[in-house]
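Here is a short tour of aromatic ring contacts. Please keep the viewer open as you read.

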Amino acid sequence: MNVRAAAARVLYQVVDQGQSLSQQLPLAQQHIAPRDAALLQEICYGTLRWLPRLEHIVQALMDKPLKGKQRVFHHLLLVGLYQLGYMRIPAHAAVAETVNATKTLKRPQLRGLINAILRNYQRDQASLDDASQAESAGQHCHPSWLLTRLQQAYPNQWQEIIAANHQKAPMWLRVNRQHHTQASYLAELQAAGIAGSPHTQALDAIKLDAPCDVTRLPGFTQGWVSVQDAAAQLAVDYLQPDSAEHILDCCAAPGGKTCHILEHQPDAIVTAIDADENRLSRIKENLSRLGLNAEVKHADARLPSAWHTGPAFDRILLDAPCSATGVIRRHPDIKWLRRDSDIQALVTLQAEILDAMWQQLAPGGTLVYATCSVLPDENATQIRAFLTREPTAILRTGTHDQPGRQILPGEHDMDGFYYACLKKPTGK
């Protein structure tokens, strides 16, 4: 399939139909040549990063919008504009391939329109680009509701967060310490001609100088290493699992943190649950590749009596459902799929799960609350409210005024993440 046609279809599914990029992109990559997979990803990610600017340009160049069955061609125009404005593809090739996509999309009669719009952009690119960035939407390329929340929460840092969200995320590896140390795997990478550097806080983490296919990574199929952002790897440091403990990974899919726990403590008795039954297979696949064992259950964390009758857990990792506003650089569609009204619903859900999980924690046990969000309502404010409900809970990270640790996007080149470590008193 023509890559530009595939990109237009993916963008139509995401922007117009509200589908997840992480679901639609892999499906589209199955229908193109493997060598074009990275190009398709770059076009889709980049177009979503700068969507308001590209939309402004299309509106300026067209007399009336494309609607109905022709809507996918609106997204084809965005694809063409992104290539011309942001990529190093020669302009003649970008235009030609984008125009040729009309054949794949079964509307060859629109070749002339697509060609004319892209040529007009080339002729007046500087002024069109300037106009597309004249207002807030084009300057920041974030929805107004999210921009407002970031400005209120981080009056001195919001611009840095916005800038970090527009960067391409690095490829972080998690070294399986059952096979290698951080230093010894760095040597394996060097021998394979792959450059990387260690993280100073996440001691299993290595950042590659340039992303590469996992098939190039030494020992990947043997479970020597996994792909996981360094911020997510810090979960195991806050949890501090011990041998033979009963540990629950709540909301565990796709299982990266479950596996990391077992890489540190292979004798731990780990249960991994998730409410999305379709994602349980990802947990099992990761466990299988790494040669690890955990009990995997389809379960609603709010209703533990329906799925757990055993002893209370010594440690619980609650990686709560959240807005994912800390990982926008990895998932730029989040900006356009989330709504302001989603946040309160998520806060309510998080509180329900947190209260339920606290009851499943053994006296003296540790619960780590984590999100990949940067919004205080889901993080510090959520934990302050919990500490009011459970005044005997012992906070191990931060202060009661500023509970937990908020990692902002780009901090030590990590994703945005939040952690709060809570301990239940003995005898409670």
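This is a predicted model: local features need pLDDT of at least 70, side-chain atom pairs count only at pLDDT 80 or more; totals for chains, interfaces and linings use all residues.

Residues are numbered from 1 along each chain as its sequence is written, and side-chain values use heavy atoms, with hydrogens and water left out.

A pair of aromatic rings is described by the distance of the centres and the angle of the planes. Here, rings of Phe, Tyr and Trp (its six-membered ring) pair if their centres lie within 6.5 Å; planes under 30 degrees apart count as stacked, over 60 as edge-to-face and the rest as tilted. The count by this rule is six aromatic pairs. One of them is stacked: Tyr 82 and Tyr 86, at 5.4 Å centre to centre and 15 degrees between the planes.

Both Tyr 82 and Tyr 86 lie in helix 5 (residues 71–86). They are four residues apart, about one turn of the helix. Helices are DSSP runs of H or I with at least four residues, strands are runs of E with at least two, and both are numbered from the N terminus. Tyr 82 has 3% relative accessibility, so it counts as buried (under 20% relative accessible area; exposed is over 50%, partly exposed in between, with a 1.4 Å probe and protein chains only). Tyr 86, at 33%, counts as partly exposed.

Tyr 369 and Tyr 418 have ring centres 6.3 Å apart and planes at 70 degrees, so this pair is edge-to-face. Tyr 369 lies in strand 9 (residues 361–371) and Tyr 418 in strand 12 (residues 417–423), so the pair ties together parts 49 residues apart in sequence. Both Tyr 369 and Tyr 418 are buried.

Ring pairs also link Trp 50, Tyr 82 and Tyr 86 into a cluster.
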